[in-house]
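User: Could you walk me through this structure in plain words? I have it open and would like to ask about a few places in turn.

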Amino acid sequence: MEETLRETDLFIRTYNNQKNFSKLNAEGFFKVSPVWDIFQLSAFIGVNHFISNGKEYRHTYTNWYYSLNVTGNYKKWMANLSWFVHKNLFWGETIGGGENGHSLFIVYTHQSLAIGVGLQNPFFNNFRIENENLSGLAPYKNVQHVDELGRSVFMKFSYTLNWS
């Protein structure tokens with residue numbers, strides 16, 4: 001695991017063995033179809049709890065994450081809205097943030113062919129990932145931010161081959 005040392009006026013980030021590292025995780029998935037298979041709601045929720053014991057530090061970090069989906073099906077059409085909060089990673093003294101986002105797409109299926117179009121992040125216009133180091137000697141927080149990344153168009157094309 002990583003470790004930060006101080007030698008005279010310099011801070012040195014290096015890797016070193018640590019006492020122990022634990023990750024506790026609990027997740028749940030829920031799905032409801034209130035109108036037959038025409039309309040479905042699903043949710044995925046989870047929590048990570050990290051305990052990092054280095055030779056010179058002890059850190060704990062808890063991260064909640066989720067994904068929500070609304071899907072509608074009618075004849076050969078399918079529409080979906082997804083919203084998610086990414087689960088962050090924790091390693092040694094660094095929290096690695098994930099991206100949050102949402103998507104909206106529609107797909108038309110005819111026999112073995114499926115064609116669809118969608119928007120990534122149609123309701124907000126930025127992309128943001130945060131990374132943070134919890135070192136007692138030289139902590140930092142890094143934010144990567146891109147404006148105008150919302151409303152990115154994507155297309156789907158698939159053809160199912162049956163091998164029998």
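Predicted model: local features only at pLDDT ≥ 70, side-chain atom pairs only at ≥ 80, totals over all residues.

User: Let's start with the largest pocket: what is its volume?

Analyst: The largest pocket has a volume of about 280 Å³, and its lining is made up of 15 residues.

User: Which of those residues lie nearest its centre?

Analyst: Nearest the centre of the largest pocket lie Gly 98, Asn 100, Arg 128, Ile 129 and Glu 130.

User: And where does the largest share of the lining come from?

Analyst: That share comes from strand 11, which covers residues 126–133 and gives 6 residues to the lining of the largest pocket. If you divide the lining by residue kind, there are 6 nonpolar, 6 polar and 3 charged residues.

User: Switching topic, what order do the strands take in the open sheet of 4 strands?

Analyst: The order in that open sheet is 7-8-11-12, and the pairing is antiparallel. At the edges are strand 7 (89–91) and strand 12 (140–147), each of which pairs on one side only, and the twist from one strand to the next averages 15°.

User: How many bridges join strand 7 to strand 8?

Analyst: There are 3 bridges between strand 7 and strand 8 (residues 94–96), and the two strands run antiparallel. As for a bridge you can look up in the model, Phe 90 has Ile 95 in strand 8 as its partner.

User: What about Gly 92, is that one buried or exposed?

Analyst: Gly 92, which lies in the loop between strand 7 and strand 8, counts as buried because its relative accessible area is 0%, and buried means under 20%.

User: Which residues is Gly 92 in contact with, leaving aside its neighbours within four places in sequence?

Analyst: With those neighbours left aside, Gly 92 is in contact with Met 1, Glu 2, Gln 18, Phe 21, Ser 52, Tyr 57 and His 59. Gly 92 and Tyr 15, for their part, are 77 residues apart in sequence and 9.2 Å apart in space, taken from C-alpha to C-alpha.

User: Last one: where is Asn 125 placed?

Analyst: Asn 125 sits in the loop between strand 10 (113–120) and strand 11. Its relative accessibility is 23%, so Asn 125 counts as partly exposed.

User: What is Asn 125 in contact with, again leaving aside neighbours within four places in sequence?

Analyst: Its contacts of that kind are Val 146, Asp 147, Glu 148, Leu 149, Gly 150 and Arg 151. Between Asn 125 and Arg 151, the C-alpha to C-alpha distance is 7.1 Å, while in sequence the two are 26 residues apart.

Key
Residues numbered from 1 in each chain as written. Heavy atoms only, no water. 1 Å grid on protein atoms, 1.4 Å probe; cavity = no way out; pocket = protein on both sides within 12 Å on 5 of 7 lines; lining within 4 Å. Points joined across faces, edges and corners; volume = space filled by probe spheres on them. Nonpolar A, V, L, I, M, F, W, Y, C, P; charged D, E, K, R; others polar. Buried < 20%, exposed > 50% of the residue type's maximum accessible area, 1.4 Å probe, protein only. Contact = heavy atoms within 4.5 Å. Pairing = 2+ DSSP bridges. Axes fitted to C-alpha atoms, helices over the stretch in contact; angles between N-to-C directions.
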